[in-house]
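Please take a look at the sequence and the 3D view before reading on.

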There are 2 protein chains.
Amino acid sequence: MRVCRDLWAKKKEVMLKRLLEDLHIGYLDEGISDLLLEIFKREDSFTISSCSGRIVFIDAQLPWVRKMSTVVFKKHAPITIEEFLEITEKPVLSKLWVIVTGPILHLSTATLKEARTLISAGRAAGFKHSGIISFRKDGIVLELRSGIGLTYPVKVGSKLLVSHEGIADVVSTCNEVLMKGKERLRRLKEVITNLRDRNIN
Amino acid sequence: MRVCRDLWAKKKEVMLKRLLEDLHIGYLDEGISDLLLEIFKREDSFTISSCSGRIVFIDAQLPWVRKMSTVVFKKHAPITIEEFLEITEKPVLSKLWVIVTGPILHLSTATLKEARTLISAGRAAGFKHSGIISFRKDGIVLELRSGIGLTYPVKVGSKLLVSHEGIADVVSTCNEVLMKGKERLRRLKEVITNLRDRNIN
């Protein structure tokens with residue numbers, strides 16, 4: 001399927017407007033907005049959605065089953081031991097999971113060449129699970145994802161699975177993983193800026 | 001870049017020979033060999049590598065940093081509480097992580113059309129992180145991956161992070177996640193067999 005340039009360009013316009021609105025209302029954190037703007041500057045790319053990485057606690061049987069699951073807590077910055085204790089003191093219906101995710105970006109490109117350039121850029125910046133996930137009339141859709149992340153059951157019913165003396169380590173590990181993800185985001189920004197400086201379109 | 005059919009076909013031949021050798025020596029578990037053969041039966045596809053999912057314990061600062069990390073234990077089947085205790089009783093240099101991974105497949109296709117068909121098949125079977133990861137002269141390379149998995153620090157130095165009463169839950173959760181992955185593998189086999197029955201090449 002060939003990308004229809006007109007459709008693609010219209011979508012880019014809409015997404016740019018949305019991005020600028022998000023920036024204006026302070027919805028985006030600084031770490032990711034620079035990167036997103038850098039991608040929009042490229043002639044054949046724009047971003048559809050992004051997450052800079054986060055720590056989420058969910059009450060669910062399995063963490064990837066959305067049905068019957070509840071997000072108990074969500075934060076895009078490091079958590080404190082107090083927050084951890086507060087969250088784990090609340091009653092749990094099924095299992096309480098902590099999920100730390102690295103950054104994830106969905107992009108649309110107008111050409112296959114640009115898609116390949118950005119997948120290579122992603123890989124160079126440590127987003128090792130980067131690839132084309134679909135071909136649509138309004139663009140080639142890419143996902144850039146790193147292997148960074150934790151998924152972790154912390155409580156089953158009323159039973160805490162983390163040992164008392166381990167709580168501080170669990171919290172600091174979650175935060176360390178989160179920050180490693182943000183670091184990759186900075187690397188990606190660098191790699192993509194370098195492409196522009198070297199005039200690689 | 002266009003795929004060179006001759007190069008691609010030669011590689012398929014080599015990979016098929018290797019697969020049949022692996023089958024012969026019993027290197028592949030039954031769950032995945034059916035699926036791999038089904039993919040090889042397709043005119044424009046073959047598999048490069050695969051893992052049916054596994055439980056690994058590694059001693060490392062961070063689980064995705066290979067440097068200075070040691071695989072302490074690896075199994076493609078459920079683990080027992082005894083195994084968990086035995087592993088966690090041994091001294092740890094840095095941090096001991098348990099990593100349960102879902103199935104992962106790397107495929108090569110001769111055409112973009114076939115790549116898209118298999119990405120859709122992957123997605124339909126719950127391999128939601130499926131995509132084209134590179135374009136090479138000898139084939140278009142796909143990765144089919146699900147979001148299934150656990151990554152989990154269980155010990156820091158000599159300190160166990162899992163509570164005594166939580167050990168059985170941690171072990172059963174690891175096993176549950178592993179088995180959910182194997183289930184997706186069966187679904188993928190079904191979806192791809194259906195394509196053939198419906199004559200979708």
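The text below covers how the two chains are related, where they touch, and what lies inside.

This is a predicted model, where local features need pLDDT of at least 70, side-chain atom pairs count only at pLDDT 80 or more, and totals for chains, interfaces and linings use all residues. Residues are numbered from 1 along each chain as its sequence is written, while chains are lettered from A and ligands numbered from 1 in the order in which they are written.

Let us begin with the symmetry. Two copies of a chain are related by a rotation about an axis and a shift along it. Here, chain A is superposed on chain B by a rotation of 180° with 0.0 Å of shift along the axis, at an RMSD of 0.0 Å. That is the relation of a two-fold axis. Within chain A, Ser163(A) comes closest to the rotation axis, its C-alpha lying at 1.9 Å.

Next comes the meeting surface. Chain A gives 31 residues to the contact and chain B gives 31 residues, where two residues are in contact if their C-beta atoms, placed from the backbone, lie within 7 Å. On the side of chain A, β8(A) supplies the largest share, 6 residues. Because 100% of the interface residues of chain A are also interface residues in chain B, the copies meet through the same surface.

| Residue | In contact with |
|---|---|
| Leu107(A) | Ile39(A), Ser45(A), Phe46(A), Thr47(A), Ile48(A), Leu118(A), Leu142(A) and Leu144(A) |
| Gly139(B) | Val3(B), Trp8(B), Lys11(B), Ser108(B), Thr109(B) and Ala110(B) |

Gly139(B) is found in strand β7 (residues 139-145) of chain B; helices (H or I, at least four residues) and strands (E, at least two) are DSSP runs, numbered from the N terminus. Gly139(B) is buried, with 26 other C-beta atoms within 10 Å; buried takes 20 or more such atoms, exposed 12 or fewer, and partly exposed lies in between.

Finally, consider helix α5 (residues 167-197) of chain B. After α5(B) comes Asn199(B), whose phi is positive, near 65°.

Technical notes. Copies are superposed by least squares on the C-alpha atoms of residues with pLDDT of at least 70 in both. Lists of a residue's contacts leave out its neighbours within four places in sequence.
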